[in-house]
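This report goes through a few features of one protein structure. Look at the sequence and the model together while reading.

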Amino acid sequence: YAGVLRSIKGYLGLAVLNTSGQVLATDAAGQPIDFKRFSPDFAAIFNQCAISADRQGFQKCTGLTAHTEKAVIIIIPSGNFRFIGLMSPDGNGFFMQVQLEKIIPQIVK
């Protein structure tokens with residue numbers, strides 16, 4: 001499934017996590033990415049965002065995107081898993097999000 005994502009301009013990598021942020025699987029284009037170093041923090045941020053969104057009546061949190069100077073970080077949940085996609089800032093983050101939403105159901109079967 002990572003092959004589909006690798007074709008997206010700016011693709012840097014993908015990680016599959018559990019809800020506490022433990023890395024279960026990764027893929028990187030080019031240099032390796034140390035997902036283990038930052039994934040627990042982003043899983044916690046997503047979990048807190050989900051709680052806050054629900055508390056405000058916005059209902060279920062279906063994703064979170066963070067833009068930094070060096071990357072676009074896309075987090076999409078699916079059951080007991082969290083998917084983190086990384087893009088370069090000039091990449092097509094929206095297209096990556098759409099593609100992740102298409103392939104995640106196939107991955108978690």
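The sections below cover a helix, a salt bridge and a surface patch in this predicted model.

## Helix α3

Helix α3 runs over residues 93-107 and has 15 residues. From its first C-alpha to its last it reaches 20 Å, close to the 21 Å expected at 1.5 Å a residue. The helix has a kink of about 25 degrees at Glu 101, shortly before the proline Pro 105.

Which residues of α3 are buried? They are Gly 93, Met 96, Gln 99, Leu 100, Ile 103 and Ile 104. The cover over these buried residues includes helix α1 and the strands β1 (11-18), β4 (72-78) and β5 (81-87).

## The salt bridge

Side chains of opposite charge can pair when their charged atoms come close. The count of salt bridges here comes to one. It joins the side chains of Asp 27 and Arg 6, at 2.9 Å from N to O. Asp 27 lies in strand β2 (residues 23-28) and Arg 6 in helix α1, so the pair ties together parts that are 21 residues apart in sequence.

Are the two partners buried or exposed? Asp 27 has a relative accessible area of 17% and is buried, because the cut-off for buried is under 20%. Arg 6, at 42% relative accessibility, counts as partly exposed.

## A nonpolar surface patch

Tyr 1, Leu 24, Phe 81, Ile 107 and Val 108 form a nonpolar patch on the surface. Together these residues have about 420 Å² of accessible area.

Notes. Residues are numbered from 1 along each chain as its sequence is written. This is a predicted model: local features need pLDDT of at least 70, side-chain atom pairs count only at pLDDT 80 or more; totals for chains, interfaces and linings use all residues. Side-chain values use heavy atoms; hydrogens and water are left out. Patches are made of residues with over 30% relative accessible area and no salt bridge: like charges are joined within 9 Å, nonpolar side chains (Val, Leu, Ile, Met, Phe, Trp, Tyr) within 5 Å. Accessible areas come from the Shrake-Rupley method with a 1.4 Å probe; for residues, only the protein chains shown count as cover. A salt bridge is a side-chain nitrogen of Lys or Arg within 4 Å of a carboxyl oxygen of Asp or Glu. Helices (H or I, at least four residues) and strands (E, at least two) are DSSP runs, numbered from the N terminus. The expected span of a helix is 1.5 Å times one less than its number of residues. The bend at a residue is the angle between axes fitted to the seven residues ending there and the seven starting there. Buried means under 20% relative accessible area, exposed over 50%, partly exposed in between (1.4 Å probe, protein chains only). Contact means heavy atoms within 4.5 Å.
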